[in-house]
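Subject: Handover of a structure

Dear colleague,

Please find below the structure that I am passing on to you. My notes on it follow.

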Amino acid sequence: TVRVVCPSGLPLPRFMVEARISADRELTSRIAGEGLHGSCQVDGVPLGTALELRVSHSCMMVQTVQVAATRLRQSVTLGADIVFNLWAVQVPGGLTVLASKEDANVARIPSHAVPFEGSREVGFEQSVPVHSRIHVIWHDFRPDDFQPVEMRAVVGRLHVPGYEQAKNSRAMDDCTLTSLHYDECVDVAFLAAPEIVLQVVVQNRPVSDVRVEIERESVRESTDEGGRCAMMLRPGRHILRLLHKALTVHWVHQEVVVTQSRPCIVVSLPMTLKTWRAPMVIRGKAQAYRVWLTVAGSRGNASWEPFGTVLQLPDGKRVTSSSEGLITLPLEAVPPTTVMVPPADTPDLYSTLCVPAPCVKDIDLSEVFDPTLIDGVWSPRALGFYPAAPLIDDLDPSKFACGVYTGCCCSGVVGVRVAADEGRLTGTTGRSGLCILSGLAPGNHTVDVEHGALSSQKM
């Protein structure tokens, strides 16, 4: 009689047995049979016959036993291999690993579970790859005194690249393969995703109060004063959803790649601004319009209206705002590591944007704009004026026009002396406030503006 016991302590339901009878080392006959409910009987074997028994099953390696028929009844007890499947389930904050028996009901396994891919520790600093299935020999099987195999002794400590070291579940403390047989699927371990520090910057400046969400993950955080927030995020590519009450008008999507070598990830948030115009009314008539710049979340002043215009970047490039006045600044390249707060005198695009001619700029250039945050919103910034009537008709490209106007109603200022290139070219503004100079070569120049009612200014 051939008996086969599973590591759960239960009989192996079905297996194949092949008995080879040999004499003088020559095969004389072969008997094949099927074992049911853990046993198989081979009858009619003459006493003194040498048998070679081969036992096989789909979930065990072929076992060969040499037996001599010395009694009328003899039995051989074998232990089947330890076999079960491992599954990985993505959960908030990490990865849950489940174990199921070979013939588990599909309904017992979560629908979003995938075959486990990783490794397990089987000894001191010895790691073995695991590809969805653990199949090992029951080495400590004793035919006369066997106990169900403990799960934790087989599973060991699991590893998955990019995740923290696995922590066995509490159910593993007293879980055996007998438990697995009846439960069909059990919780084995949890691997926590690495903790990632995410820093959100705008124009390379950390920004607080940014709502951060991860698509397909139950992760919701907000940045602190340093623009940082910590979260458990599994390795791989993720889509961030970013929202700020002042700097964005809707959720902004950014892609990040999480690896163990990048504990801190810097994400650049595009800044959306809004341009407005405020009428400067004299005697019931709009003489000019002051142009204001705010962040997108600002509601502006009651007398302001959204205004589509052209803005000039420090490098000379121009961007155009929409009819609603909205404009999104280009993203700045960010360093791969955490961003420190720049010095206070470091300009950003918000403070250096301007409107190109023929807009009138404020002449008081000594005042440096301070992008102060008021209740989390950058303070409005005046860019200049647009007169109700055109400032100047088409100008000859070989000539240079300098106009000086009042800040109250954009009227021309008469008698302002204009000098260029250290006095080489001079002129005086007329009634229209314009002074036209000829012979100024293309390039950068310094222009001196002088008037008895004004302090001397250089532009």
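Two strands are said to pair if DSSP finds at least two bridges between them. Helices (H or I, at least four residues) and strands (E, at least two) are DSSP runs, numbered from the N terminus.

This is a predicted model, in which local features need pLDDT of at least 70 and side-chain atom pairs count only at pLDDT 80 or more, while totals for chains, interfaces and linings use all residues. Residues are numbered from 1 along each chain as its sequence is written, and side-chain values use heavy atoms, with hydrogens and water left out.

Overall picture

The protein chain holds 3 helices and 39 strands. Of its 459 residues, 42% count as buried; buried means under 20% relative accessible area, exposed over 50%, and partly exposed in between (1.4 Å probe, protein chains only). Contact means heavy atoms within 4.5 Å. Among contacts in the protein chain between residues at least 6 apart in sequence, 59% join residues at least 24 apart.

Confidence

The pLDDT is the predictor's confidence in each residue, from 0 to 100. Its mean over the protein chain is 82, and 87% of the residues reach 70 or more. Among the elements of the chain, the highest mean pLDDT, 94, belongs to strand β10 (residues 114-115), and the lowest, 44, to strand β31 (residues 373-374). Over residues 365-376 the pLDDT stays under 50, and the model has 20 contacts beyond four places in sequence for this stretch. Where pLDDT is low, the predicted coordinates should not be read in detail.

Strand pairing

Strand β1 (residues 2-5) pairs with strand β7 (residues 76-79) in the parallel sense, over 4 bridges. Within this pairing, V5 has G79 in β7 as its bridge partner. Strand β1 also pairs with strand β4 (residues 39-40), here in the antiparallel sense and over 2 bridges; the bridge partner of R3 in β4 is S39.

Strand β11 (residues 117-123) is joined to β14 by 3 bridges, and R120 stands opposite L158 in β14.

A buried arginine

R234 is found in the loop between β21 (228-232) and β22 (236-243). R234 counts as buried because its relative accessible area is 5%. A polar atom of the R234 side chain lies 2.8 Å from the backbone oxygen of V91, and a polar atom of that side chain lies 2.9 Å from the backbone oxygen of G94. Leaving aside neighbours within four places in sequence, the contacts of R234 include Y163, A193, P194, E217 and V258.

Positive phi values

Most residues other than glycine have a negative phi, and most peptide bonds are trans. S132, a residue other than glycine, has a positive phi near 70°. S132 lies in the loop between β12 and β13 (133-136) and is partly exposed, with a relative accessible area of 24%. E422 is not a glycine either, yet its phi is positive, at about 55°. E422 lies in the loop between β35 (417-420) and β36 (425-428) and is exposed, with a relative accessible area of 83%.

With kind regards

Conventions: Polar contact = N/O pair within 3.5 Å; in protein donor to acceptor, adjacent residues only side chain to side chain.
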